[in-house]
Amino acid sequence: MTTTPLAPVPTPAPAGSPSPVGAPSPAGSPDPAGEAPGSAPTPTSAAALTPCASPARQTYPRDVWPASTRPGPHGDMTVGGVSLTEAAERFGTPLYLLDEGEVRDRCRTYRAAFPPEEAEVVYAAKAFLSRAVVRWVREEGLGLDVCSAGELLLAISAGFPADRIVLHGNAKSPEDLSTAVRLGVGRIVLDSTSEIARLAALVPHGTRRPVMIRVVPGISAGGHAAVRTGTEDQKFGLSLMDGSAQHAIDRVLGQPGLELVGLHCHIGSQITSITPYVSALRRMVGLLARTRDKHGVVLPELDMGGGHGIAYRAGEPALDIPTLAARVRAELAAGCARAMLPVPRLTVEPGRAVIGPAGVAVYRVLSVKRTGTRTFVAVDGGMSDNPRPALYGVRYAPRMVGRASDAPGRTVTVVGRHCEAGDVLADAVELPEDVHPGDLLAVPAAGAYHLSMASGYNLVGRPPVVAVTDGTARLLVRRESLEDLRRRDVGA
C-alpha cells in the first residue's frame, strides 16, 4: 500500500474555540432536566442550518466535522490537511475519508474517561471495520467487539489479540461459535438459552470458556424504534423482568466448560441522554446481588454496552463522554456499596462515537431538478453506500465544496441515484442556488453505519475508503469494481 501526499493547504483555524471531544453542543445538555430517556433529538429547522456562504467563509462545528477540518482556497475544504477536491479527483466519487487523528483522539478521550485500572473500552466493530481501524484502536489501547466470524477473522488477520475480543450476536452461527472457541476470544456474550448447550459442546474437555450473559434490563433508549434494544419483546438478550436472565445464569453456572465472568447489556443506539444508562446500571447491579445471594458467586465484570450518540447536524445533542463516565462510575460504586458487592470491572463498547465524526463522504452532483415545490439535487451515491436515512429517517447537512459561490441559498433535497423514492440523503437543507452538475458535496459524520451497512443495490459498487492525516492520503479499502461484481456471479 502506497502513501502519497495530497497537497496540504495551510490555513488558519476557523473562528471560535472547538468543543472537546464528546462535549455537548451549545444547543443543550446531553441529559437535560425532564428529558425522557432515549428521546430523539429535535430536528433542526432549515433556517438554522449551514449558511450558503462560500466555504472559505464558513466555520466547521466541532460537534459535526473532524477537528482538522479547515476552509481551503477557491471554496475548497481540507480534512486532515488533505484537499477534498484533490482527493475526489484522485480517488473518484463517491468517496469516504477517515481522519485517522480524529479516530485516535476519540479513543484517547474514552481511555481518559474510563481509566484502565477500573474499566475496559471496547470498540464496536459493526460501526465500521477495516484492518487499518483494527490497528488504530489496538494501538490506542482499546479492545474489540465483533458480531461474526467474518469480523473476527479480519481482526485476527490484522494482528488484534484474540483475548481482547468480545463476540456478540443474537443468533450466532455454528461457524461463529467454533471460530471463537478455536481462536480463544476473550469473552463470548450468550444471547439465548439455546447458545449455552451449543457453546458448551464446542469447548474442549478440561478447558473453560469465559462467557457473559446479555440481559434485557427493560429500559427504552435510542434515537429510533429500530435501535432500541433494552426493552421487552425484541430479538436481543434475556429478560430481567420475566426471569429469563436468571434462568440463563443458573444454567451457565451448571456447565463445567463455561465460566460465567459477568453480565452484559446494551440498551440501544444513538442515545444522547445519560439517564437511561444510570437506570440500566441500577438494575444490573441488582441482578449481580441476586446472583451472589442465590449462588454465592460474585461476578467480576459488568459490560454496559455502547450506543453513545453523536450529532449529525450542527446544534444537535451528543452524549458527553466524560460526564457519562463520571456518572456511571459513581453510580456503580454507590450501588455496589449498598448491595455490599465488590465493584466489578466495567466495560463500555463505543462504535459510532469513535468512528462516526471522523468520516466525511464526498459525492459529485449528477443532476439538479426543480419541480413545482421542490428542488432535487441528485448525487452519484445514495442508499447503497448510506442506508441510514432510508432505515431510520436520519438526515445530514451536506456542504458544497470545490468552488466558491456567493449565490443566495436555496432549500433543497439531496437524493441518491438509486431506483427508490426513499433514497434521500438530506432533506430541507440549504445549498447555493447555483449548485449544478459536477459540483462536489461533502457530508460530515459519515464514518459509522454507512459502508458497514452498504449493499449491492443497482450494482453500482461500494466506494473506497481513504485515510487522511498530516496532509497525506492513503487508500484503505479500494472501490468495488464492476469486475468484482461480475466475478461473484458464477451461474451460467
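**The second largest pocket and its surroundings**

Analyst: The strand β22 gives the most to the lining of the second largest pocket, with four residues, where strands (E, at least two residues) and helices (H or I, at least four) are DSSP runs numbered from the N terminus. This is a predicted model, in which local features need pLDDT of at least 70 and side-chain atom pairs count only at pLDDT 80 or more, while totals for chains, interfaces and linings use all residues. Residues are numbered from 1 along each chain as its sequence is written, and side-chain values use heavy atoms, with hydrogens and water left out.

The pocket has a volume of about 750 Å³, the space filled by probe spheres set on grid points joined across faces, edges and corners. Of its 26 lining residues, F128, L129, S130, L154 and V477 are the closest to the centre. A pocket here is an open set of points on a 1 Å grid over the protein atoms alone, where a 1.4 Å probe fits, with protein on both sides within 12 Å along at least five of seven lines, and a lining residue has an atom within 4 Å of a point. At least two lining residues come from each of α3 (131-139), α4 (149-157), β22 (472-477) and α12 (482-488). Sorted by class, the lining holds 14 nonpolar, two polar and 10 charged residues; Ala, Val, Leu, Ile, Met, Phe, Trp, Tyr, Cys and Pro count as nonpolar, Asp, Glu, Lys and Arg as charged, and the others, Gly among them, as polar.

One of these lining elements, α3, also packs against helix α2 (residues 100-113), at an angle of about 35° and with the axes 9 Å apart. Axes are lines fitted to C-alpha atoms over the stretch in contact, and angles run from 0 to 180 degrees between N-to-C directions. The crossing of α2 and α3 is right-handed, meaning that the near helix is turned clockwise from the far one by less than a right angle. On the α2 side the contact is made by E100, V103, R104 and C107, and on the α3 side by R135, W136, V137 and E139, with contact meaning heavy atoms within 4.5 Å. This contact of α2 with α3 has four nonpolar, no polar and four charged residues.

Turning to the backbone, the peptide bond from T93 to P94 is cis, with omega near -5°, and P94 lies in the loop between α1 (84-91) and β5 (95-99).
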